Amino acid sequence: MPKNNISQEILMCSCSWKIISLNVSADQLLRTGNVYFSGVQKEISLAYVPEATLGDYVIVQVSFAISVLDEDEALGSFQALVKFQATP
């Protein structure tokens, strides 16, 4: 399959999303946040990354943040994605 035909959903799975708001709960397993990537916002669970805070970048799988990235890693992965999408 040519690279430029890869669906946006697949690409967004491996991207680093920025936490733009937190929804705090007394139960850590119910903690959620709103994240942003490339014009898309969505609410995700932060149960697996209790250390995540506002402004952090996270890797998201099936609406769960699974890892926290530092800003350099996040921006590097975004630049690689842009380069990948620009490749014919």
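Guide: Two strands pair if DSSP finds at least two bridges between them. Helices (H or I, at least four residues) and strands (E, at least two) are themselves DSSP runs, numbered from the N terminus. The model discussed here is predicted, so that local features need pLDDT of at least 70 and side-chain atom pairs count only at pLDDT 80 or more, while totals for chains, interfaces and linings use all residues. Residues are numbered from 1 along each chain as its sequence is written, and side-chain values use heavy atoms, with hydrogens and water left out.

Visitor: How many helices and strands does the protein chain have?

Guide: The secondary structure comes to 2 helices and 5 strands. Along the sequence, these elements follow the pattern α-β-β-β-β-β-α.

Visitor: How many bridges join β2 to β3?

Guide: Strand β2 (residues 32-37) and strand β3 (residues 40-45) run antiparallel and are joined by 6 bridges. Within this pairing, Gly 33 stands opposite Ile 44 in β3. The hairpin of β2 and β3 has 2 residues between the strands, and Ser 38 in this hairpin takes a positive phi near 50 degrees.

Visitor: What are the partners of β4 in the antiparallel pairings?

Guide: β4 pairs with strand β5 (residues 64-69) in the antiparallel sense over 5 bridges. β1 and β4 likewise form an antiparallel pair, over 3 bridges. Tyr 57 illustrates the two pairings: Lys 18 stands opposite Tyr 57 in β4, and the bridge partner of Tyr 57 in β5 is Leu 69. For Gln 61, the bridge partner in β5 is Phe 64.

Visitor: What phi does Val 62 take in the hairpin of β4 and β5?

Guide: In general, most residues other than glycine have a negative phi. In the hairpin of β4 and β5, which has 2 residues between the strands, Val 62 takes a positive phi near 50 degrees. Ser 63 has a positive phi of about 65 degrees although it is not a glycine. Val 62 lies in the loop between β4 and β5, and the place of Ser 63 is in the loop between β4 and β5.

Visitor: Is Val 62 buried or exposed?

Guide: A residue is buried under 20% relative accessible area, exposed over 50% and partly exposed in between (1.4 Å probe, protein chains only). Val 62 counts as exposed because its relative accessibility is 72%. Ser 63 has a relative accessible area of 36% and is therefore partly exposed.

Visitor: Is β4 mostly covered or uncovered?

Guide: β4 is mostly covered, with 4 of its 5 residues buried. In the protein chain as a whole, buried residues make up 28% of the 88 residues.

Visitor: Which residues make the nonpolar surface patch?

Guide: Patches are made of residues with over 30% relative accessible area and no salt bridge; like charges are joined within 9 Å and nonpolar side chains (Val, Leu, Ile, Met, Phe, Trp, Tyr) within 5 Å. A salt bridge is a side-chain nitrogen of Lys or Arg within 4 Å of a carboxyl oxygen of Asp or Glu. Areas come from the Shrake-Rupley method with a 1.4 Å probe, and for residues only the protein chains shown count as cover. Here, Tyr 48, Phe 64 and Ile 66 make a nonpolar surface patch of about 310 Å². Tyr 48 is found in the loop between β3 and β4 (57-61), and it is exposed because its relative accessible area is 55%.

Visitor: Which residues form the negative surface patch?

Guide: Asp and Glu count as negative and Lys and Arg as positive, without His and the chain ends; a charge is placed at CG of Asp, CD of Glu, NZ of Lys or CZ of Arg. The negative surface patch is formed by Asp 70, Glu 71, Asp 72 and Glu 73. Of these, Glu 71 has its place in helix α2 (residues 71-86). Glu 71 has a relative accessible area of 47% and is therefore partly exposed.

Visitor: How many residues apart in sequence are Lys 42 and Ser 63?

Guide: Lys 42 and Ser 63 are 21 residues apart in sequence, and their C-alpha atoms are 8.3 Å apart in space. Lys 42 has its place in strand β3. Gln 41, with its place in strand β3, lies 9.6 Å from Ile 19, C-alpha to C-alpha, across 22 residues of sequence. Leu 30, in the loop between β1 (16-23) and β2, is 7.2 Å from Ser 45, C-alpha to C-alpha, with the two 15 residues apart in sequence.
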